[in-house]
Amino acid sequence: MTILLTGGTGTLGKLVTPLLADAGSKVRVLSRSSHEAKDGIEYVNGDLATGEGLEAALSGIETIIHCAGSAKGDEDKARNLVEAAAQAGSPHVVYISVVGADRLPVESVIDRTMFGYFAAKRAAELAVSESGLPWTTLRATQFHDFVLAAARGMAKMPVIPVPAGVRFQPVDARDVAARLVELALGEPSGLVPDIAGPKVYGMDEVVRGYLAAVGKRRPMMPVRLPGKAARAYREGANLSLAPATGQRTWEDFLAEQVSQAR
């Protein structure tokens, strides 16, 4: 099987690539910049935002794993990808989305400013499911990496404003990568059960855990975020309704990261 991977150098994609190779798949990574083939991985130039290079990149492809993501424009990139894929044949499209994409009401300017990512992911989901191609979509909760980046940034402030009532169910990107590869090597399955971490944490718990791990102290001040999407977030729209399937906890990931930084 020849698989095209988008976002192959990102947090998730760089974990997916070796798993596919170990499974015996031929891997072609789409990139906007040139890379030489390495460890049996082929790199091809292409731009999801413009569609340039996609026709050649998709030649002979049987399955696409779409991991590429950005702060904005995800829906347009997904549309460009599936339109090009439909012209190339009928490859199986495996898409990684986010839990809550269909449950957060992103309506106002405030909603879109803070939670526009969820609306873009939902639009990208629809682009994939309505493409006429065989498809599989997996929704994941926030990665440990994202939660760590947020905690690090907040810890730089003398007083940390913590969004009140906000909770996370962080999942390890390695668990998500393994599940994506399993889905890519299987039959198209539509929307599959979420993948989520084994525990739910308040944002205040996440920040306190990070501060304790790095030996810092900071006062924290609860802040109530405005808007309908923020209310839905406080009500748990970003948490999985399915049983947790991720194995690694936030505490394990945090200890690992802190140990590596020393």
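Me: Taking contact to mean heavy atoms within 4.5 Å, which residues is D74 in contact with, leaving aside its neighbours within four places in sequence?

Reply: With those neighbours left aside, D74 is in contact with A68, G69, Y117, A120, K121 and A124. Please keep in mind that this is a predicted model, in which local features need pLDDT of at least 70 and side-chain atom pairs count only at pLDDT 80 or more, while totals for chains, interfaces and linings use all residues. Residues are numbered from 1 along each chain as its sequence is written, and side-chain values use heavy atoms, with hydrogens and water left out.

Me: OK, and where is D74 found, and is D74 buried or exposed?

Reply: D74 is found in helix α3, and because its relative accessibility is 3%, D74 counts as buried (buried is under 20% relative accessible area, exposed over 50%, partly exposed in between, with a 1.4 Å probe and protein chains only).

Me: How do the axes of α3 and α4 cross?

Reply: The axes of α3, residues 74-88, and α4, residues 109-129, cross at roughly 15° and come within 7 Å (axes are lines fitted to C-alpha atoms, for helices over the stretch in contact, with angles from 0 to 180 degrees between N-to-C directions). The two helices, α3 and α4, are therefore roughly parallel to each other, a term for angles under 35 degrees.

Me: Which residues make that contact?

Reply: From α3 the contact is made by D74, E75, A78, R79 and V82, and from α4 by Y117, A120, K121, A123, A124, A127 and V128. Sorted by class, the contact of α3 with α4 has eight nonpolar and four charged residues, and no polar ones (Ala, Val, Leu, Ile, Met, Phe, Trp, Tyr, Cys and Pro count as nonpolar, Asp, Glu, Lys and Arg as charged, the others, Gly among them, as polar).

Me: Switching to T17, where is its place, and which residues is T17 in contact with, neighbours within four places aside?

Reply: T17 has its place in helix α1, residues 13-22, and with a relative accessible area of 9% T17 is buried. Beyond its neighbours within four places in sequence, T17 is in contact with L5, G8, V27, V29 and I41.

Me: Stepping back, what does the secondary structure of the chain come to?

Reply: The chain has nine helices and 11 strands, which are DSSP runs numbered from the N terminus (helices are H or I, at least four residues; strands are E, at least two). Its C-alpha atoms fill a box of roughly 55 × 45 × 35 Å along the principal axes, and buried residues make up 47% of its 262 residues.

Me: What share of the contacts with a separation of 6 or more comes from residues 24 or more positions apart?

Reply: Residues 24 or more positions apart account for 79% of those contacts in the chain.

Key: Parallel < 35°, antiparallel > 145°, perpendicular 65-115°, else oblique. Contact = heavy atoms within 4.5 Å.
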